[in-house]
Amino acid sequence: MTGTLPMDVDDIRTWIGREETASDVISVDLVQKYNSTLDLTTARPLWGDAAPLLIHYCLAQPYAPTHLLGEDGHPQRGDFLPPISLPRRMWAGSTVTFHGVLSVGDIVRRVSRISDVVVKEGRSGILCFVTLEHKVDVGGALKVEEAQNIVYREAASPGDDSKPARAEAPVGIYSRPIAVSTPLLFRYSALTFNGHRIHYDRRYATEVEHYPGLVFHGPLQATLLLNYAVELKGTAPKNFTFRGFSPLFDDDKVTMSATEENGRLKLWTARERGPVAMSAEAIW
């Protein structure tokens with residue numbers, strides 16, 4: 001590597017194998033707020049109803065006291081996640097397997113494990129990838145299994161994320177605009193107890209992390225794509241994989257698109273005349 005590593009890689013890799021267990025309840029209140037935020041339905045959910053897909057992203061989130069948050073709004077590193085000193089942190093993607101249905105009223109347990117830590121050098125500098133394995137169960141019955149990738153990267157310079165797109169996204173068989181708005185981003189941050197300031201603090205996002213606007217959450221894009229897949233096929237998939245390629249912002253004109261290949265749906269988000277921002281695949 002040509003860059004200077006701001007961390008001891010061997011020490012960071014000693015965090016592989018660490019586990020964390022947390023639990024939460026899928027309440028009527030949470031489901032109603034989730035459905036309202038995503039404009040899914042205005043009907044009041046009932047105990048025993050199927051819960052919305054990917055609602056587990058709202059459950060059992062870290063609850064660090066406000067005065068212990070880092071400058072970026074995240075809990076300080078070094079508790080469960082390793083103390084990686086690279087300043088930018090993003091959810092790079094996930095592979096989700098649905099083994100069963102989560103229901104309103106379920107007491108959910110999530111067991112998370114750090115399965116790998118890898119340091120690489122990319123075009124933007126040093127990158128550190130942390131892979132987490134999550135198992136979500138209800139009463140011991142596995143409901144959702146997920147491999148999540150988090151990427152840490154070096155600080156950006158002004159203009160790095162506002163360069164003209166080099167390639168346009170493909171044209172899908174199906175396509176629909178997404179109404180990105182500041183309230184949508186704020187409410188999703190609140191639902192997921194996500195204090196990362198790039199999603200709601202414009203001054204921080206533009207002046208400190210040098211984004212051109214508020215950042216459109218990766219898991220929120222993934223949730224919208226998954227719901228679109230269910231709408232197109234009429235049922236939830238068994239497996240859903242998503243990966244982020246470039247950021248989207250609150251003032252972008254965003255479209256989600258899909259095309260079918262061999263019974264699978266390929267889905268993606270993109271800004272107008274932009275490259276693919278997030279790609280996904282749903283398998284039944």
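1. In this predicted model, the largest cavity has a volume of about 50 Å³, and the structure holds one cavity of 30 Å³ or more. Its lining consists of Ala22, Ser23, Asp24, His56, Leu59, Ala60, Val108, Arg109, Arg110 and Val136, with strand 1 and strand 3 (107-122) being the elements that contribute two or more residues.

2. Together with Trp47 and Ile107, Val25 makes a nonpolar surface patch of about 350 Å².

3. Across the whole structure, a search finds 13 salt bridges. One of them joins the side chains of Arg113 and Glu133 at 3.8 Å, N to O; because Arg113 lies in strand 3 and Glu133 in strand 4 (residues 125-138), this pair ties together parts that are 20 residues apart in sequence. Arg113 is partly exposed at 30% relative accessible area, and Glu133 is likewise partly exposed, at 37%.

4. A further salt bridge links Glu281 to Arg264, with the closest N and O atoms 3.5 Å apart. Since Glu281 belongs to strand 10 (residues 276-283) and Arg264 to strand 9 (residues 264-271), the pair ties together parts 17 residues apart in sequence. Glu281 counts as buried at 17% relative accessibility, whereas Arg264, at 37%, counts as partly exposed.

5. Finally, Asp201 forms a salt bridge with Arg197, the closest N and O atoms being 3.0 Å apart, and Arg197 is partly exposed, with a relative accessible area of 25%.

Conventions
Residues are numbered from 1 along each chain as its sequence is written. This is a predicted model: local features need pLDDT of at least 70, side-chain atom pairs count only at pLDDT 80 or more; totals for chains, interfaces and linings use all residues. Side-chain values use heavy atoms; hydrogens and water are left out. Patches are made of residues with over 30% relative accessible area and no salt bridge: like charges are joined within 9 Å, nonpolar side chains (Val, Leu, Ile, Met, Phe, Trp, Tyr) within 5 Å. Accessible areas come from the Shrake-Rupley method with a 1.4 Å probe; for residues, only the protein chains shown count as cover. A salt bridge is a side-chain nitrogen of Lys or Arg within 4 Å of a carboxyl oxygen of Asp or Glu. On a 1 Å grid over the protein atoms alone, a cavity is a set of points where a 1.4 Å probe fits but cannot get out, and a pocket is an open set with protein on both sides within 12 Å along at least five of seven lines; lining residues have an atom within 4 Å of a point. Grid points are joined across faces, edges and corners, and a volume is the space filled by probe spheres set on the points. Helices (H or I, at least four residues) and strands (E, at least two) are DSSP runs, numbered from the N terminus. Buried means under 20% relative accessible area, exposed over 50%, partly exposed in between (1.4 Å probe, protein chains only).
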